[in-house]
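Subject: Structure handover

Hello,

Please find the structure below, with its sequence. My notes on what was found in it come after.

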Amino acid sequence: MKEIKVSAAIIINKGKILCVQRGINKFEYISNKFEFPGGKIEEGEQPSDTVIREIHEELKMDILVEKEFLTVNHEYPDFKIQMHSFICSTPTRELELSEHISFKWLDITELNTLDWAAADIPIVDKLVTELA
């Protein structure tokens, strides 16, 4: 089974967290699901550097990585994912979607109202437990 290593950003601005929605995917179980933005770690790249690069590429947004948050190992039906998540800050909520179909800035207490990709759920749960 294919194994993918990715980094994800929990981007916080003025108490709100950025949540982005995937479009249609070849795998129905992640189509239209919400996730924390990020992407694949390139060979020799540090996970924290990946998240900065990916957010700039996908959202045209500059972020500052504050700290590592949680690493999730999840097995989907067709692949395994290891996701390193980071608490990040940004000075602005301005962004440009290039890979996602929508986004929301939500209060931590609103995170559970979204339909999350399965690998992101442990991050949501920890955020709600620790920060709410």
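By class, the residues that line the largest pocket are 13 nonpolar, six polar and eight charged. Please keep in mind that this is a predicted model, and that the values in this email are computed from it.

**The largest pocket**

The space in this pocket comes to about 650 Å³. The lining is made of 27 residues, and those closest to the centre of the pocket are Val-6, Arg-22, Ile-30, Glu-35 and Lys-40. Three strands each supply at least two residues of the lining: β1 (2-13), β4 (38-40) and β6 (79-89). Which of the strands gives the most? That is β1, with five residues.

**Ser-7 and His-84**

Two residues from these strands are worth looking up in the viewer. Ser-7 is in strand β1, and His-84 is in strand β6. Ser-7 has a relative accessible area of 1%, so it counts as buried. His-84 is at 13% relative accessibility and is also classed as buried, because the cut-off for that class is under 20%.

The side chain of Ser-7 reaches the backbone oxygen of Pro-47 at a distance of 2.8 Å. The side chain of His-84 has a polar contact with another side chain, that of Thr-71, at 3.2 Å.

The contact lists below leave out residues up to four places away in sequence. Ser-7 touches Pro-37, Gly-38, Gly-39, Ile-41, Pro-47, Thr-50, Val-51, His-84 and Phe-86. His-84 is in contact with Val-6, Ser-7, Ala-8, Ile-41, Pro-47, Glu-68, Leu-70 and Thr-71.

**Pro-37**

Is Pro-37 buried or exposed? With a relative accessible area of 0%, Pro-37 is buried. Leaving out residues up to four places away in sequence, Pro-37 touches Ser-7, Ala-8, Ala-9, Ile-11, Leu-18, Val-20, Ile-55 and Leu-59. Asn-25 is 12 residues from Pro-37 along the chain, and the C-alpha atoms of the two are separated by 16 Å.

**The cysteines**

How many disulfides does a search of the whole structure find? The search finds zero. A disulfide is a covalent bond between the sulfur atoms of two cysteines. The sulfur of Cys-19 has its closest cysteine sulfur in Cys-88, and the 13 Å between them is too far for a bond. For comparison, the cut-off for a disulfide is 2.5 Å between the sulfur atoms. Both cysteines are buried: Cys-19 has a relative accessibility of 0%, and Cys-88 has a relative accessible area of 1%.

**Two lysines with positive phi**

Most residues other than glycine have a negative phi. Lys-14 has a positive phi, near 50°. Lys-14 is placed in the loop between β1 and β2 (16-21), and at 75% relative accessibility this residue counts as exposed. Lys-60 is not a glycine either, and its phi is positive at about 55°. Lys-60 is in the loop between α1 (47-59) and β5 (64-75).

Leu-64 is found in strand β5. Leaving aside neighbours within four places in sequence, Leu-64 is in contact with Ile-87, Cys-88 and Ser-89. The C-alpha atoms of Leu-64 and Val-128 are separated by 21 Å, and the two residues are 64 residues apart along the chain.

Asp-125 lies in helix α2 (residues 121-131). With 40% relative accessibility, Asp-125 counts as partly exposed. Asn-112 is 13 residues from Asp-125 along the chain, and their C-alpha atoms are separated by 8.3 Å.

**Where to start**

After that, you could turn to strand β1 and its five residues in the lining of the largest pocket.

Regards

Notes. Residues are numbered from 1 along each chain as its sequence is written. This is a predicted model: local features need pLDDT of at least 70, side-chain atom pairs count only at pLDDT 80 or more; totals for chains, interfaces and linings use all residues. Side-chain values use heavy atoms; hydrogens and water are left out. On a 1 Å grid over the protein atoms alone, a cavity is a set of points where a 1.4 Å probe fits but cannot get out, and a pocket is an open set with protein on both sides within 12 Å along at least five of seven lines; lining residues have an atom within 4 Å of a point. Grid points are joined across faces, edges and corners, and a volume is the space filled by probe spheres set on the points. Helices (H or I, at least four residues) and strands (E, at least two) are DSSP runs, numbered from the N terminus. Ala, Val, Leu, Ile, Met, Phe, Trp, Tyr, Cys and Pro count as nonpolar, Asp, Glu, Lys and Arg as charged, and the others, Gly among them, as polar. Buried means under 20% relative accessible area, exposed over 50%, partly exposed in between (1.4 Å probe, protein chains only). Contact means heavy atoms within 4.5 Å. A polar contact is a pair of N or O atoms within 3.5 Å; within protein, one must be able to donate a hydrogen and the other to accept it, and residues adjacent in sequence count only if both atoms are side-chain atoms.
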